[in-house]
Amino acid sequence: MFVQEEKIFAGKVLRLHVCASDGVEWLEEATEDTSVEQLKERCLKHCAHGSLEDPKSVTHHKLIHAASERVLSDTKTILEENIQDQDVLLLIKKRAPSPLPKMADVSAEEKKKQEQKAPDRDAIVRATASLPSCNMDRAVVQTSMRDFQTELRKILLSLIEVAQKLLALSPGAVELFTKANAMLDEDEDERVDEAALRQLTEMGFPESRAVKALRLNHMSVPQAMEWLIEHAEDPTVDTPLPVPASPGVAGAEASAEAAAGPSEGDEEARDELTEIFKKIRRKREFRPDARAVISLMEMGFDEKEVLDALRVNNNQQNAACEWLLGDRKPSPEELDQGIDPDSPLFQAILDNPVVQLGLTNPKTLLAFEDMLENPLNSTQWMNDPETGPVMLQISRIFQTLNRT
């Protein structure tokens, strides 16, 4: 008996379920070596999409493997496409390509783009040719729009000197100075920013740990959170911080005696009072963030440069990095310089009744001193009923004069 050669070497016969887009379903048999294009031609016999005489009828359709959502390649065989027996194939008509736009539409679109296009340099020069020339240095413009946080330090330094003199001139100078001195001598770590503490406790950290983390990280919530995560398994994480020795009373008593000296020594007493306040401020040395120091030094900066950058930028690592890479303004020396006492800004601040009244309050002096060393505590003092109105007036005056 004669057997055809193609039947001897034919591959395995697969039974495939084919579904057309119009809902027609049927069972199609094909060998593994059948190409996808041949299978597609056979499938089209069950549909009414044109005639097989039209070659476009095949190219306008595609077969999709339903399980894997793959579009089958016409040049590959069923075996190469890893089609298995009883698999489901979808016969789908390809989407017709969008027609090319007409020349009139292209011209209108190009015209619209040209109308919306920003003017180039030549167009700007032509449009402004009739205007008078004005040379303006961009650096001057940037300097005039001063940053409030940068200027606030200068304002606070000058206002502290005014507050010290007002306290010394007050009829109750002894009592006022004793109260101010006691508040200034308090360890700054005893105060905790309530808003920052609330943020950490709402994240699930125990209150005692959150307080410790905030004190170690200058009330910075992101840095405190990093510390809490890094020391979560530390056995000493709940160990309280060492309590610093209480400040001596002798300095306060001596200062009170100096402030209450005889009338002929009032000027000398005020000068001594000012020097004592400066000494108190210098006691609080800047404490750089250790992680920020390491990170910036790893970038190749010198340790002294890094410390200066962190001091100028209040321990903010990103701002310190920008300062190191930029023009390094303001300089560290400028941090201890107050604002010009004859400037319109300082005169406007001193003429404000709310500020005048606040400068006679020892708590205002405490707030100014604390914000100098811990700028992150500014929000705490802004929300304080006694110091908040003073800070609000300073901010408003600054913004008003800065705009003008």
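I take contact to mean heavy atoms within 4.5 Å.

**Entry 1: ground rules**

I am working on a predicted model, where local features need pLDDT of at least 70, side-chain atom pairs count only at pLDDT 80 or more, and totals for chains, interfaces and linings use all residues. Residues are numbered from 1 along each chain as its sequence is written, and side-chain values use heavy atoms, with hydrogens and water left out.

**Entry 2: the whole chain**

I looked up the overall make-up and found 21 helices and five strands in the protein chain. Helices (H or I, at least four residues) and strands (E, at least two) are DSSP runs, numbered from the N terminus. Of the 404 residues, 35% are buried. For burial I use relative accessible area with a 1.4 Å probe and protein chains only: buried is under 20%, exposed is over 50%, and partly exposed is in between.

I also checked the surface: the chain exposes about 25700 Å², and carbon and sulfur atoms supply 53% of that. These areas come from the Shrake-Rupley method with a 1.4 Å probe. Taking contacts between residues at least 6 apart in sequence, I find that 59% join residues at least 24 apart.

Next I turned to helix pairs. Two packed helices are described by the angle between their axes and the distance between the axes. My axes are lines fitted to C-alpha atoms, for helices over the stretch in contact, with angles from 0 to 180 degrees between N-to-C directions.

Helix α9 covers residues 194-202, and its axis comes within 9 Å of that of α10, crossing at roughly 130°. The pair is therefore oblique; under 35 degrees would count as roughly parallel, over 145 as roughly antiparallel, 65 to 115 as roughly perpendicular, and the rest is oblique. The crossing of α9 and α10 is right-handed.

Which residues in α9 and α10 meet? From α9 I noted Ala196, Leu197, Leu200 and Thr201, and from α10 Glu207, Ala210, Val211 and Leu214. The residues of this contact divide into six nonpolar, one polar and one charged. Here Ala, Val, Leu, Ile, Met, Phe, Trp, Tyr, Cys and Pro count as nonpolar, Asp, Glu, Lys and Arg as charged, and the others, Gly among them, as polar.

**Entry 3: α10 against α11**

I followed α10 (residues 207-216) on to α11 (residues 221-230), where the axes come within 8 Å and cross at roughly 120°. That angle makes α10 oblique to α11. This crossing is right-handed. Arg209, Ala210, Lys212, Ala213, Leu214 and Leu216 of α10 meet Val221, Ala224, Trp227 and Leu228 of α11. I sorted the residues of this contact into eight nonpolar, no polar and two charged.

**Entry 4: α19 against α21**

Further along, α19 (residues 362-373) and α21 (residues 388-403) have axes that come within 10 Å and cross at roughly 60°. I filed α19 as oblique to α21 on that angle. On the α19 side I see Thr364, Phe368 and Met371, which meet Val390, Met391 and Ile394 of α21. The contact of α19 with α21 has five nonpolar residues, one polar and no charged.

**Entry 5: loop residues**

Is asparagine 377 buried or exposed? Asparagine 377 counts as buried, at 6% relative accessibility. I find this residue in the loop between α19 and α20 (378-382). Leaving out residues up to four places away in sequence, asparagine 377 touches Met219 and Asp370. Its C-alpha is 7.1 Å from that of aspartate 193, 184 residues apart along the chain.

Valine 24 sits in the loop between β1 (13-20) and β2 (25-31), and is partly exposed at 32% relative accessible area.

**Entry 6: backbone check**

Most residues other than glycine have a negative phi. Glutamine 86 has a positive phi, near 70°; I found glutamine 86 in the loop between β4 (70-71) and β5 (88-93), partly exposed at 40%. Arginine 328 is not a glycine either, yet has a positive phi of about 55°. Arginine 328 lies in the loop between α16 (317-325) and α17 (344-350) and counts as partly exposed at 27%.

Definitions and conventions: Left-handed = near helix turned anticlockwise from the far one by under 90°.
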